[in-house]
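Student: Before we look at the picture together, could you help me to see how the words used for a protein structure are tied to numbers? I would like to ask about one term at a time.

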Amino acid sequence: MKVSIHFTFSFSSSSLFQRVNQCLRNACHSSNIPGCMKFIDCGRGHGSNQPDLTSDQWINNSDAVACLDSSSNSFPYGIYVNAVPLTIETNVVNKYVYSLFWGFLV
């Protein structure tokens, strides 16, 4: 039983991250901020990690910020709407507890 719950969460969290990623990509394309894709996908570019005007523009982009706020209705997250805040959650305990109970929530 535990294995199936963890497998379900693993698959579901992968789908969640794909949806958040797609929302951020949409926001990037509509923003016309040069090089914004490097802020979404860490596999793109290996430049310096120093903030610049472009990163400041991206951080303050309302469409990008809305992607991380499931209550903004900026993207159709479907059943993942309650899990969107986990993408920016820094507390590992919160992420783990949510994953344990994911099977009960769906």
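Tutor: Let us begin with a definition: contact means heavy atoms within 4.5 Å. Keep in mind as we go on that this is a predicted model. Leaving aside its neighbours within four places in sequence, Ser-74 is in contact with Cys-23, Ala-66 and Cys-67.

Student: Where is Ser-74 found, and what separates its C-alpha atom from that of Cys-23?

Tutor: Ser-74 is found in the loop between helix 4 and helix 5 (92–105). Although Ser-74 and Cys-23 are 51 residues apart along the chain, their C-alpha atoms are separated by 8.2 Å.

Student: Why is Ser-74 called partly exposed?

Tutor: The relative accessibility of Ser-74 is 38%, and the term covers values between the limit for buried, under 20%, and the limit for exposed, over 50%. Ser-74 therefore counts as partly exposed.

Student: What makes the pair of Ser-74 and Ala-66 a polar contact?

Tutor: A polar atom of the side chain of Ser-74 lies 3.2 Å from the backbone oxygen of Ala-66, and the cut-off for such a pair of N or O atoms is 3.5 Å.

Student: How do you know that Cys-23 and Cys-67 form a disulfide?

Tutor: In general, a disulfide is a covalent bond between the sulfur atoms of two cysteines. Here the sulfur atoms of Cys-23 and Cys-67 are 2.1 Å apart, whereas the test asks for a pair within 2.5 Å, so the two cysteines form a disulfide. The link of Cys-23 and Cys-67 is left-handed, with -85° about the S-S bond. This pair links distant parts of the chain, for Cys-23 is in helix 1 (residues 2–31) and Cys-67 is in helix 4 (residues 62–67), 44 residues apart.

Student: How many disulfides does the structure hold, and which pattern do they follow?

Tutor: The structure holds two disulfides, and, when bonded cysteines are counted along the chain, their pattern is 1-4, 2-3. Besides the link of Cys-23 and Cys-67, there is a disulfide that joins Cys-28 to Cys-36, with 1.7 Å from S to S, which again meets the limit of 2.5 Å.

Student: Why is the disulfide of Cys-28 and Cys-36 called right-handed?

Tutor: The torsion about the S-S bond of Cys-28 and Cys-36 is about 80°, so this disulfide is right-handed. Both Cys-28 and Cys-36 are buried, and both Cys-23 and Cys-67 are buried as well.

Student: Is Asn-61 buried or exposed, and how do you know?

Tutor: Asn-61 has 13% relative accessibility, and buried means under 20%, so Asn-61 counts as buried. The place of Asn-61 is in the loop between helix 3 (53–59) and helix 4. Polar atoms of the side chain of Asn-61 lie 3.0 Å from the backbone nitrogen of Asp-63 and 2.9 Å from the backbone nitrogen of Ala-64. Leaving aside its neighbours within four places in sequence, Asn-61 is also in contact with Ala-27, Ser-31 and Ile-33.

Student: Why is Val-93 called exposed?

Tutor: The relative accessible area of Val-93 is 55%, and exposed means over 50%, so Val-93 is exposed. Val-93 is found in helix 5, and together with Tyr-96, Val-97 and Phe-101 it makes a nonpolar surface patch of about 390 Å².

Student: What can be said of the protein as a whole?

Tutor: The protein has five helices and zero strands, and of its 106 residues, 31% count as buried.

Note on methods: Residues are numbered from 1 along each chain as its sequence is written. This is a predicted model: local features need pLDDT of at least 70, side-chain atom pairs count only at pLDDT 80 or more; totals for chains, interfaces and linings use all residues. Side-chain values use heavy atoms; hydrogens and water are left out. Helices (H or I, at least four residues) and strands (E, at least two) are DSSP runs, numbered from the N terminus. Buried means under 20% relative accessible area, exposed over 50%, partly exposed in between (1.4 Å probe, protein chains only). A polar contact is a pair of N or O atoms within 3.5 Å; within protein, one must be able to donate a hydrogen and the other to accept it, and residues adjacent in sequence count only if both atoms are side-chain atoms. Patches are made of residues with over 30% relative accessible area and no salt bridge: like charges are joined within 9 Å, nonpolar side chains (Val, Leu, Ile, Met, Phe, Trp, Tyr) within 5 Å. Accessible areas come from the Shrake-Rupley method with a 1.4 Å probe; for residues, only the protein chains shown count as cover. A salt bridge is a side-chain nitrogen of Lys or Arg within 4 Å of a carboxyl oxygen of Asp or Glu.
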